[in-house]
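Reader: I'm new to reading helices in a model. Could you walk me through it?

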Amino acid sequence: MKRLRFWFEDRLGTAPIFAFMRKKDVPRHKHSFLYYTGSSILLFLIIQIVTGIMLALYYKPTLEQANASVARIMTEIPLGWIIRSVHSWSASFMIALVMIHLVGIALVKAYRRPREATWMTGVLLLVVSMLFGFTGYLLPWDDLSLSATKVGTDIPKAIPVIGAWVTKFLRGGDDVTGDTLTRFFVFHVSVLPLVIFLLLAVHIFLVQKHGMSLPLKAEVKKARVPSLPFWPNFLLRESVAWLVFFGVLVTMAVMFAPSLGPAANLLAPAPSGIKPEWYFLFLFQTLKIFPAHVLFVSGETLAVLLILAAGIVFFALPLIDNRPAEKKGRFFVGLVYAGLIYALALTVWSLL
Amino acid sequence: MNSLLGGWLGALGASLLSPIIKFAFPPYREPDEVKLPLADYRDLAPNTAKTFPWGNKPGILKKIEDGSLQAFVAVCSHLDCNVAYISAQRKFFCACHEGWYDENGVNIAGPPPKPLRRLEISVDGEELIIRRPGFKG
(Lines give C-alpha, C1' and ligand atoms only; values in the text may rest on other atoms or scores of the structure.)
Protein backbone atom coordinates (compact mmCIF):
# COMPACT_ATOMS: atom_id res chain seq x y z
CA MET A 1 0.00 0.00 0.00
CA LYS A 2 2.75 2.36 1.01
CA ARG A 3 4.70 1.49 -2.14
CA LEU A 4 1.69 2.24 -4.25
CA ARG A 5 1.37 5.62 -2.55
CA PHE A 6 5.00 6.43 -3.23
CA TRP A 7 4.61 5.33 -6.83
CA PHE A 8 1.80 7.85 -7.35
CA GLU A 9 3.58 10.52 -5.32
CA ASP A 10 6.67 10.22 -7.53
CA ARG A 11 4.63 10.66 -10.69
CA LEU A 12 1.95 13.14 -9.62
CA GLY A 13 3.62 15.08 -6.81
CA THR A 14 0.35 15.71 -4.98
CA ALA A 15 1.87 15.86 -1.49
CA PRO A 16 1.87 19.71 -1.32
CA ILE A 17 -1.85 19.72 -2.11
CA PHE A 18 -2.64 17.37 0.76
CA ALA A 19 -0.31 19.29 3.06
CA PHE A 20 -2.16 22.46 2.09
CA MET A 21 -5.54 20.85 2.78
CA ARG A 22 -4.37 19.72 6.24
CA LYS A 23 -3.19 23.20 7.08
CA LYS A 24 -6.19 25.09 5.66
CA ASP A 25 -8.33 26.98 8.17
CA VAL A 26 -11.81 28.43 7.95
CA PRO A 27 -12.40 31.49 10.17
CA ARG A 28 -15.32 31.43 12.59
CA HIS A 29 -17.48 34.50 13.05
CA LYS A 30 -21.11 35.51 12.70
CA HIS A 31 -21.00 35.49 8.89
CA SER A 32 -19.33 32.08 8.72
CA PHE A 33 -22.37 30.53 7.04
CA LEU A 34 -21.38 32.32 3.85
CA TYR A 35 -18.43 29.95 3.51
CA TYR A 36 -20.90 27.07 3.33
CA THR A 37 -22.96 28.68 0.57
CA GLY A 38 -19.99 28.47 -1.78
CA SER A 39 -19.23 24.81 -1.22
CA SER A 40 -22.91 23.84 -1.28
CA ILE A 41 -23.19 25.15 -4.84
CA LEU A 42 -20.80 22.35 -5.80
CA LEU A 43 -23.31 19.75 -4.59
CA PHE A 44 -25.94 21.04 -6.99
CA LEU A 45 -23.44 21.32 -9.81
CA ILE A 46 -22.50 17.66 -9.35
CA ILE A 47 -26.19 16.68 -9.30
CA GLN A 48 -26.73 18.70 -12.50
CA ILE A 49 -23.86 16.91 -14.24
CA VAL A 50 -25.03 13.42 -13.25
CA THR A 51 -28.74 13.93 -13.95
CA GLY A 52 -27.94 15.92 -17.10
CA ILE A 53 -25.89 13.07 -18.55
CA MET A 54 -28.70 10.67 -17.66
CA LEU A 55 -31.34 12.80 -19.39
CA ALA A 56 -29.12 13.15 -22.48
CA LEU A 57 -29.22 9.36 -22.88
CA TYR A 58 -32.85 9.66 -24.05
CA TYR A 59 -33.35 13.29 -25.05
CA LYS A 60 -33.47 14.09 -28.78
CA PRO A 61 -32.70 17.71 -29.68
CA THR A 62 -34.75 18.05 -32.86
CA LEU A 63 -37.93 19.91 -33.76
CA GLU A 64 -39.84 16.68 -34.41
CA GLN A 65 -38.67 14.63 -31.44
CA ALA A 66 -37.74 16.92 -28.54
CA ASN A 67 -41.13 17.20 -26.84
CA ALA A 68 -41.96 13.51 -27.40
CA SER A 69 -38.59 12.40 -26.05
CA VAL A 70 -39.14 14.38 -22.83
CA ALA A 71 -42.64 12.88 -22.59
CA ARG A 72 -41.03 9.46 -22.95
CA ILE A 73 -38.54 10.24 -20.18
CA MET A 74 -41.45 11.32 -17.96
CA THR A 75 -43.72 8.36 -18.66
CA GLU A 76 -41.78 5.33 -19.91
CA ILE A 77 -38.20 5.42 -18.69
CA PRO A 78 -37.85 3.91 -15.20
CA LEU A 79 -37.49 6.79 -12.70
CA GLY A 80 -37.29 9.20 -15.62
CA TRP A 81 -39.78 11.63 -14.09
CA ILE A 82 -37.79 12.01 -10.91
CA ILE A 83 -34.47 12.41 -12.73
CA ARG A 84 -35.95 15.25 -14.79
CA SER A 85 -37.58 16.74 -11.73
CA VAL A 86 -34.33 16.64 -9.75
CA HIS A 87 -32.49 18.23 -12.70
CA SER A 88 -35.03 21.03 -12.88
CA TRP A 89 -35.18 21.65 -9.12
CA SER A 90 -31.45 21.38 -8.65
CA ALA A 91 -30.98 24.11 -11.27
CA SER A 92 -33.19 26.40 -9.21
CA PHE A 93 -31.40 25.54 -5.97
CA MET A 94 -28.03 26.10 -7.58
CA ILE A 95 -28.93 29.52 -8.97
CA ALA A 96 -30.56 30.53 -5.68
CA LEU A 97 -27.39 29.59 -3.80
CA VAL A 98 -25.16 31.39 -6.30
CA MET A 99 -27.30 34.50 -5.77
CA ILE A 100 -27.20 34.20 -1.96
CA HIS A 101 -23.46 33.58 -2.11
CA LEU A 102 -22.84 36.67 -4.24
CA VAL A 103 -25.18 39.01 -2.37
CA GLY A 104 -23.80 37.85 0.98
CA ILE A 105 -20.25 38.39 -0.18
CA ALA A 106 -21.11 41.82 -1.54
CA LEU A 107 -22.67 42.80 1.81
CA VAL A 108 -19.65 41.72 3.90
CA LYS A 109 -17.35 43.07 1.17
CA ALA A 110 -15.29 39.91 0.94
CA TYR A 111 -14.48 41.01 -2.62
CA ARG A 112 -12.07 43.69 -1.43
CA ARG A 113 -8.39 43.60 -2.35
CA PRO A 114 -6.86 41.11 -3.24
CA ARG A 115 -10.03 39.11 -4.09
CA GLU A 116 -11.40 41.25 -6.93
CA ALA A 117 -10.75 38.56 -9.56
CA THR A 118 -12.40 35.93 -7.37
CA TRP A 119 -15.54 38.10 -7.28
CA MET A 120 -15.46 38.72 -11.03
CA THR A 121 -15.19 35.03 -11.86
CA GLY A 122 -18.04 34.51 -9.39
CA VAL A 123 -20.28 37.00 -11.23
CA LEU A 124 -19.39 35.32 -14.53
CA LEU A 125 -20.31 31.97 -12.96
CA LEU A 126 -23.73 33.43 -12.10
CA VAL A 127 -24.15 34.57 -15.70
CA VAL A 128 -23.14 31.13 -17.00
CA SER A 129 -25.53 29.44 -14.53
CA MET A 130 -28.37 31.64 -15.79
CA LEU A 131 -27.44 30.82 -19.39
CA PHE A 132 -27.60 27.14 -18.45
CA GLY A 133 -31.10 27.78 -17.12
CA PHE A 134 -32.12 29.78 -20.19
CA THR A 135 -30.87 27.22 -22.73
CA GLY A 136 -32.24 24.31 -20.70
CA TYR A 137 -35.70 25.89 -20.50
CA LEU A 138 -36.17 25.57 -24.28
CA LEU A 139 -35.20 21.90 -24.50
CA PRO A 140 -38.62 20.38 -23.56
CA TRP A 141 -39.90 22.36 -26.59
CA ASP A 142 -43.38 23.15 -25.31
CA ASP A 143 -45.44 26.27 -25.95
CA LEU A 144 -44.18 28.08 -22.85
CA SER A 145 -40.54 27.41 -23.53
CA LEU A 146 -40.86 28.52 -27.15
CA SER A 147 -42.33 31.91 -26.20
CA ALA A 148 -39.80 32.43 -23.42
CA THR A 149 -36.99 31.74 -25.86
CA LYS A 150 -38.44 34.06 -28.49
CA VAL A 151 -38.44 36.88 -25.95
CA GLY A 152 -35.08 36.00 -24.45
CA THR A 153 -33.26 35.79 -27.75
CA ASP A 154 -34.93 38.98 -29.01
CA ILE A 155 -33.65 41.03 -26.08
CA PRO A 156 -30.05 41.41 -27.41
CA LYS A 157 -31.54 43.04 -30.55
CA ALA A 158 -32.08 46.18 -28.50
CA ILE A 159 -28.32 46.60 -28.01
CA PRO A 160 -27.00 49.03 -30.62
CA VAL A 161 -24.62 47.82 -33.36
CA ILE A 162 -23.97 44.19 -32.40
CA GLY A 163 -27.44 43.32 -31.06
CA ALA A 164 -29.13 42.02 -34.21
CA TRP A 165 -26.08 39.91 -34.92
CA VAL A 166 -26.13 38.33 -31.43
CA THR A 167 -29.82 37.46 -31.81
CA LYS A 168 -29.16 35.84 -35.16
CA PHE A 169 -26.28 33.85 -33.72
CA LEU A 170 -28.33 32.63 -30.75
CA ARG A 171 -31.26 31.63 -32.94
CA GLY A 172 -29.34 30.30 -35.88
CA GLY A 173 -31.33 32.57 -38.19
CA ASP A 174 -33.96 35.30 -37.96
CA ASP A 175 -36.50 33.21 -36.10
CA VAL A 176 -36.64 30.62 -33.35
CA THR A 177 -36.81 27.31 -35.23
CA GLY A 178 -35.64 23.72 -34.94
CA ASP A 179 -32.11 25.02 -35.58
CA THR A 180 -32.40 27.11 -32.42
CA LEU A 181 -33.37 24.05 -30.40
CA THR A 182 -30.41 22.00 -31.62
CA ARG A 183 -28.11 24.97 -31.05
CA PHE A 184 -29.36 25.50 -27.50
CA PHE A 185 -28.79 21.81 -26.79
CA VAL A 186 -25.19 22.14 -27.95
CA PHE A 187 -24.69 25.27 -25.81
CA HIS A 188 -26.28 23.51 -22.85
CA VAL A 189 -24.34 20.24 -22.95
CA SER A 190 -21.07 21.22 -24.58
CA VAL A 191 -20.17 24.91 -24.74
CA LEU A 192 -21.42 26.08 -21.33
CA PRO A 193 -19.96 23.09 -19.43
CA LEU A 194 -16.51 23.91 -20.84
CA VAL A 195 -16.91 27.54 -19.83
CA ILE A 196 -18.20 26.75 -16.34
CA PHE A 197 -15.33 24.34 -15.65
CA LEU A 198 -12.76 26.85 -16.79
CA LEU A 199 -14.26 29.64 -14.66
CA LEU A 200 -14.73 27.34 -11.70
CA ALA A 201 -11.12 26.16 -11.84
CA VAL A 202 -9.89 29.77 -11.74
CA HIS A 203 -12.42 30.68 -9.03
CA ILE A 204 -11.52 27.79 -6.72
CA PHE A 205 -7.80 28.27 -7.33
CA LEU A 206 -8.14 31.94 -6.34
CA VAL A 207 -10.12 31.07 -3.21
CA GLN A 208 -7.32 28.74 -2.12
CA LYS A 209 -4.57 31.16 -3.12
CA HIS A 210 -5.97 34.07 -1.11
CA GLY A 211 -7.46 31.98 1.71
CA MET A 212 -10.77 32.75 3.37
CA SER A 213 -11.67 36.40 3.67
CA LEU A 214 -11.94 37.79 7.20
CA PRO A 215 -14.69 40.16 8.33
CA LEU A 216 -13.87 43.75 7.41
CA LYS A 217 -13.93 44.96 11.05
CA ALA A 218 -11.57 42.23 12.22
CA GLU A 219 -9.19 43.03 9.40
CA VAL A 220 -9.19 46.75 10.14
CA LYS A 221 -8.59 46.17 13.86
CA LYS A 222 -6.13 43.37 13.10
CA ALA A 223 -8.08 41.27 15.61
CA ARG A 224 -7.50 37.55 15.93
CA VAL A 225 -10.40 35.53 14.58
CA PRO A 226 -10.91 31.98 15.88
CA SER A 227 -10.81 29.36 13.17
CA LEU A 228 -11.85 25.86 12.32
CA PRO A 229 -9.58 23.34 10.58
CA PHE A 230 -10.82 22.69 7.04
CA TRP A 231 -10.06 19.01 7.41
CA PRO A 232 -11.97 17.34 8.97
CA ASN A 233 -14.09 19.86 10.94
CA PHE A 234 -15.30 22.14 8.16
CA LEU A 235 -15.84 19.29 5.73
CA LEU A 236 -17.86 17.36 8.28
CA ARG A 237 -20.15 20.33 8.88
CA GLU A 238 -20.35 20.92 5.16
CA SER A 239 -21.39 17.31 4.58
CA VAL A 240 -24.26 17.81 7.02
CA ALA A 241 -25.38 20.82 4.96
CA TRP A 242 -25.13 18.71 1.79
CA LEU A 243 -27.28 15.97 3.29
CA VAL A 244 -29.94 18.46 4.38
CA PHE A 245 -29.93 20.16 0.96
CA PHE A 246 -30.12 16.80 -0.79
CA GLY A 247 -33.09 15.76 1.34
CA VAL A 248 -34.96 19.00 0.64
CA LEU A 249 -34.13 18.75 -3.07
CA VAL A 250 -35.44 15.21 -3.49
CA THR A 251 -38.55 16.04 -1.45
CA MET A 252 -39.34 19.02 -3.65
CA ALA A 253 -38.62 17.00 -6.79
CA VAL A 254 -41.01 14.24 -5.74
CA MET A 255 -43.77 16.56 -4.57
CA PHE A 256 -43.63 19.10 -7.38
CA ALA A 257 -42.46 17.56 -10.64
CA PRO A 258 -42.22 20.00 -13.56
CA SER A 259 -45.00 19.78 -16.13
CA LEU A 260 -44.64 19.34 -19.85
CA GLY A 261 -46.89 21.34 -22.16
CA PRO A 262 -48.00 20.35 -25.66
CA ALA A 263 -45.26 20.43 -28.30
CA ALA A 264 -44.39 23.94 -29.44
CA ASN A 265 -46.06 25.14 -32.62
CA LEU A 266 -44.06 27.84 -34.40
CA LEU A 267 -47.24 29.41 -35.80
CA ALA A 268 -49.41 29.38 -32.67
CA PRO A 269 -49.96 32.59 -30.70
CA ALA A 270 -48.10 32.88 -27.41
CA PRO A 271 -50.04 31.18 -24.60
CA SER A 272 -51.42 33.52 -21.94
CA GLY A 273 -49.56 33.82 -18.67
CA ILE A 274 -46.13 33.07 -20.02
CA LYS A 275 -43.44 33.55 -17.45
CA PRO A 276 -39.76 32.74 -17.48
CA GLU A 277 -38.05 30.85 -14.66
CA TRP A 278 -38.21 32.67 -11.32
CA TYR A 279 -34.64 33.97 -11.57
CA PHE A 280 -35.51 35.94 -14.70
CA LEU A 281 -38.76 37.38 -13.33
CA PHE A 282 -37.29 40.71 -12.17
CA LEU A 283 -35.77 41.25 -15.62
CA PHE A 284 -39.03 40.16 -17.28
CA GLN A 285 -41.00 42.63 -15.17
CA THR A 286 -38.47 45.39 -15.89
CA LEU A 287 -39.03 44.91 -19.62
CA LYS A 288 -42.77 44.92 -19.09
CA ILE A 289 -42.98 48.20 -17.17
CA PHE A 290 -40.99 50.25 -19.66
CA PRO A 291 -43.30 52.15 -22.02
CA ALA A 292 -42.87 51.84 -25.80
CA HIS A 293 -40.99 55.14 -26.00
CA VAL A 294 -39.05 57.15 -23.45
CA LEU A 295 -38.37 60.55 -25.00
CA PHE A 296 -36.85 59.59 -28.36
CA VAL A 297 -35.47 56.17 -27.47
CA SER A 298 -37.38 52.92 -27.59
CA GLY A 299 -38.27 51.80 -24.07
CA GLU A 300 -36.94 48.36 -24.79
CA THR A 301 -33.50 49.63 -25.79
CA LEU A 302 -33.37 51.80 -22.69
CA ALA A 303 -34.40 48.93 -20.41
CA VAL A 304 -31.87 46.53 -21.93
CA LEU A 305 -29.07 49.10 -21.73
CA LEU A 306 -29.92 49.86 -18.09
CA ILE A 307 -29.90 46.15 -17.23
CA LEU A 308 -26.57 45.78 -19.02
CA ALA A 309 -25.13 48.78 -17.16
CA ALA A 310 -26.31 47.38 -13.83
CA GLY A 311 -24.66 44.07 -14.69
CA ILE A 312 -21.37 45.80 -15.46
CA VAL A 313 -21.49 47.76 -12.19
CA PHE A 314 -22.17 44.50 -10.32
CA PHE A 315 -19.24 42.82 -12.08
CA ALA A 316 -16.88 45.72 -11.38
CA LEU A 317 -18.14 46.33 -7.82
CA PRO A 318 -14.79 45.61 -6.09
CA LEU A 319 -13.05 48.12 -8.37
CA ILE A 320 -15.62 50.87 -7.72
CA ASP A 321 -16.01 50.13 -4.02
CA ASN A 322 -12.28 50.59 -3.39
CA ARG A 323 -12.44 52.14 0.10
CA PRO A 324 -14.60 49.54 1.84
CA ALA A 325 -13.89 50.64 5.40
CA GLU A 326 -14.77 54.30 4.80
CA LYS A 327 -18.00 56.20 4.20
CA LYS A 328 -17.90 55.35 0.48
CA GLY A 329 -18.02 51.68 1.44
CA ARG A 330 -21.27 52.15 3.35
CA PHE A 331 -22.84 53.70 0.28
CA PHE A 332 -22.21 50.48 -1.63
CA VAL A 333 -23.77 48.37 1.09
CA GLY A 334 -26.85 50.56 0.61
CA LEU A 335 -26.63 50.10 -3.14
CA VAL A 336 -26.53 46.31 -2.82
CA TYR A 337 -29.55 46.42 -0.49
CA ALA A 338 -31.38 48.70 -2.94
CA GLY A 339 -30.65 46.29 -5.81
CA LEU A 340 -31.82 43.36 -3.71
CA ILE A 341 -35.06 45.10 -2.74
CA TYR A 342 -35.65 46.10 -6.37
CA ALA A 343 -35.18 42.51 -7.59
CA LEU A 344 -37.41 41.06 -4.85
CA ALA A 345 -40.13 43.69 -5.35
CA LEU A 346 -40.28 43.19 -9.11
CA THR A 347 -40.30 39.42 -8.71
CA VAL A 348 -43.30 39.67 -6.38
CA TRP A 349 -44.97 42.19 -8.71
CA SER A 350 -44.58 39.87 -11.70
CA LEU A 351 -46.34 37.11 -9.78
CA LEU A 352 -49.39 39.23 -8.89
CA MET B 1 10.78 38.02 -31.50
CA ASN B 2 8.03 37.25 -29.02
CA SER B 3 5.68 39.85 -30.43
CA LEU B 4 6.46 38.67 -33.94
CA LEU B 5 5.56 35.09 -33.05
CA GLY B 6 2.56 36.20 -30.96
CA GLY B 7 1.32 38.44 -33.74
CA TRP B 8 1.64 35.65 -36.24
CA LEU B 9 -0.27 33.23 -33.99
CA GLY B 10 -2.91 35.88 -33.34
CA ALA B 11 -3.35 36.53 -37.05
CA LEU B 12 -3.62 32.79 -37.70
CA GLY B 13 -6.27 32.48 -34.99
CA ALA B 14 -8.20 35.46 -36.33
CA SER B 15 -8.17 34.08 -39.86
CA LEU B 16 -9.68 30.83 -38.58
CA LEU B 17 -12.42 32.75 -36.78
CA SER B 18 -14.07 33.96 -39.97
CA PRO B 19 -15.03 30.53 -41.36
CA ILE B 20 -16.26 29.48 -37.90
CA ILE B 21 -18.52 32.53 -37.68
CA LYS B 22 -19.68 32.09 -41.26
CA PHE B 23 -20.64 28.49 -40.54
CA ALA B 24 -22.65 29.47 -37.45
CA PHE B 25 -25.12 31.58 -39.48
CA PRO B 26 -27.33 29.44 -41.71
CA PRO B 27 -28.58 31.08 -44.92
CA TYR B 28 -32.21 32.05 -44.64
CA ARG B 29 -34.32 34.79 -46.15
CA GLU B 30 -37.82 35.75 -45.24
CA PRO B 31 -40.06 34.93 -48.23
CA ASP B 32 -41.03 37.71 -50.64
CA GLU B 33 -44.34 36.04 -51.30
CA VAL B 34 -46.35 32.95 -50.39
CA LYS B 35 -49.22 31.40 -52.30
CA LEU B 36 -52.24 29.96 -50.53
CA PRO B 37 -55.29 28.14 -51.91
CA LEU B 38 -58.11 30.71 -51.97
CA ALA B 39 -60.66 28.00 -51.09
CA ASP B 40 -59.19 27.70 -47.58
CA TYR B 41 -59.93 31.33 -46.78
CA ARG B 42 -63.06 32.11 -48.83
CA ASP B 43 -65.49 31.01 -46.14
CA LEU B 44 -63.84 32.99 -43.37
CA ALA B 45 -66.56 34.90 -41.47
CA PRO B 46 -66.15 38.68 -41.16
CA ASN B 47 -64.07 39.74 -38.15
CA THR B 48 -62.32 36.38 -37.87
CA ALA B 49 -58.77 35.43 -38.70
CA LYS B 50 -56.71 32.45 -39.75
CA THR B 51 -52.96 31.88 -39.62
CA PHE B 52 -50.70 30.85 -42.46
CA PRO B 53 -46.96 30.17 -42.54
CA TRP B 54 -44.94 33.21 -43.58
CA GLY B 55 -41.55 31.51 -43.79
CA ASN B 56 -40.75 30.55 -40.21
CA LYS B 57 -43.14 33.13 -38.82
CA PRO B 58 -46.92 33.02 -38.53
CA GLY B 59 -48.96 35.29 -40.78
CA ILE B 60 -52.58 36.20 -40.09
CA LEU B 61 -55.29 36.65 -42.70
CA LYS B 62 -58.25 38.56 -41.36
CA LYS B 63 -61.56 39.18 -43.04
CA ILE B 64 -63.06 42.64 -42.53
CA GLU B 65 -66.73 43.61 -42.68
CA ASP B 66 -66.79 44.46 -46.40
CA GLY B 67 -65.55 40.94 -47.19
CA SER B 68 -62.01 41.85 -48.17
CA LEU B 69 -58.94 40.37 -46.51
CA GLN B 70 -56.08 41.94 -44.57
CA ALA B 71 -52.74 40.19 -44.03
CA PHE B 72 -50.26 40.75 -41.21
CA VAL B 73 -47.07 39.19 -39.97
CA ALA B 74 -48.40 37.95 -36.64
CA VAL B 75 -45.27 38.76 -34.67
CA CYS B 76 -45.22 41.36 -31.92
CA SER B 77 -43.06 44.41 -32.58
CA HIS B 78 -41.91 44.38 -28.96
CA LEU B 79 -40.06 41.12 -28.35
CA ASP B 80 -41.08 38.85 -31.19
CA CYS B 81 -43.82 36.73 -29.59
CA ASN B 82 -46.61 35.45 -31.82
CA VAL B 83 -49.79 37.51 -31.49
CA ALA B 84 -53.41 36.34 -31.64
CA TYR B 85 -56.48 38.10 -33.09
CA ILE B 86 -59.22 38.37 -30.51
CA SER B 87 -62.46 38.72 -32.43
CA ALA B 88 -64.61 39.71 -29.44
CA GLN B 89 -62.47 42.77 -28.76
CA ARG B 90 -61.46 43.44 -32.38
CA LYS B 91 -57.86 43.62 -31.29
CA PHE B 92 -54.59 41.78 -31.67
CA PHE B 93 -53.07 40.64 -28.40
CA CYS B 94 -49.57 39.56 -27.42
CA ALA B 95 -49.62 37.47 -24.26
CA CYS B 96 -45.91 37.77 -23.49
CA HIS B 97 -45.91 41.34 -22.18
CA GLU B 98 -49.57 42.25 -22.69
CA GLY B 99 -49.26 44.27 -25.86
CA TRP B 100 -52.40 45.35 -27.76
CA TYR B 101 -52.99 46.38 -31.38
CA ASP B 102 -56.25 47.60 -32.90
CA GLU B 103 -57.99 45.70 -35.71
CA ASN B 104 -55.74 47.36 -38.27
CA GLY B 105 -52.61 46.22 -36.47
CA VAL B 106 -51.78 49.62 -34.98
CA ASN B 107 -50.16 49.40 -31.54
CA ILE B 108 -52.49 50.94 -28.95
CA ALA B 109 -51.45 49.69 -25.50
CA GLY B 110 -48.62 48.00 -23.66
CA PRO B 111 -44.98 47.91 -24.68
CA PRO B 112 -45.14 47.42 -28.50
CA PRO B 113 -43.29 50.33 -30.18
CA LYS B 114 -44.57 49.79 -33.73
CA PRO B 115 -47.64 48.49 -35.59
CA LEU B 116 -47.79 44.92 -36.86
CA ARG B 117 -46.21 44.49 -40.28
CA ARG B 118 -48.79 44.54 -43.08
CA LEU B 119 -48.57 42.33 -46.14
CA GLU B 120 -50.20 42.87 -49.54
CA ILE B 121 -52.81 40.51 -50.90
CA SER B 122 -53.77 39.75 -54.48
CA VAL B 123 -55.81 36.99 -56.07
CA ASP B 124 -54.68 34.97 -59.07
CA GLY B 125 -57.32 32.46 -60.17
CA GLU B 126 -57.77 30.07 -57.28
CA GLU B 127 -54.67 31.32 -55.44
CA LEU B 128 -54.19 33.97 -52.83
CA ILE B 129 -50.83 35.68 -53.21
CA ILE B 130 -49.43 37.31 -50.08
CA ARG B 131 -46.53 39.67 -50.72
CA ARG B 132 -44.08 41.76 -48.84
CA PRO B 133 -45.06 45.39 -49.52
CA GLY B 134 -43.24 46.68 -52.57
CA PHE B 135 -42.35 43.25 -53.97
CA LYS B 136 -43.31 43.04 -57.66
CA GLY B 137 -43.10 39.27 -58.22
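Reader: Which helices do the buried residues of α8(A) pack against?

Author: First, some ground rules: this is a predicted model, where local features need pLDDT of at least 70, side-chain atom pairs count only at pLDDT 80 or more, and totals for chains, interfaces and linings use all residues. Residues are numbered from 1 along each chain as its sequence is written, with chains lettered from A and ligands numbered from 1 in the order in which they are written. Now, the buried residues of α8(A) pack against α7 and α9 (178-210) of chain A.

Reader: Which residues of helix α8 are buried?

Author: A residue is buried if 20 or more other C-beta atoms lie within 10 Å of its own, with C-beta atoms placed from the backbone. In α8 (residues 163-171) of chain A, that's Thr167(A), Leu170(A) and Arg171(A). They span an arc of only 90° around the axis, so they sit on the same side of α8(A).

Reader: How do I describe two packed helices?

Author: You give the angle between their axes and the distance between the axes. Take α6 (residues 116-138) and α7 (residues 143-154) of chain A: their axes come within 8 Å and cross at roughly 135°. α6(A) and α7(A) are therefore oblique to each other (under 35 degrees is roughly parallel, over 145 roughly antiparallel, 65 to 115 roughly perpendicular, and the rest oblique).

Reader: Which residues of α6(A) and α7(A) make the contact?

Author: Contact requires C-beta atoms within 7 Å. α6(A) brings Phe134(A), Tyr137(A) and Leu138(A), while α7(A) brings Ser145(A), Ala148(A), Thr149(A) and Gly152(A).

Key. Axes are lines fitted to C-alpha atoms, for helices over the stretch in contact, and angles run from 0 to 180 degrees between N-to-C directions. Helices (H or I, at least four residues) and strands (E, at least two) are DSSP runs, numbered from the N terminus. Two residues are in contact if their C-beta atoms, placed from the backbone, lie within 7 Å. A residue is buried if 20 or more other C-beta atoms lie within 10 Å of its own, exposed if 12 or fewer, and partly exposed in between; C-beta atoms are placed from the backbone. The arc is that of the directions from the helix axis to the C-beta atoms.
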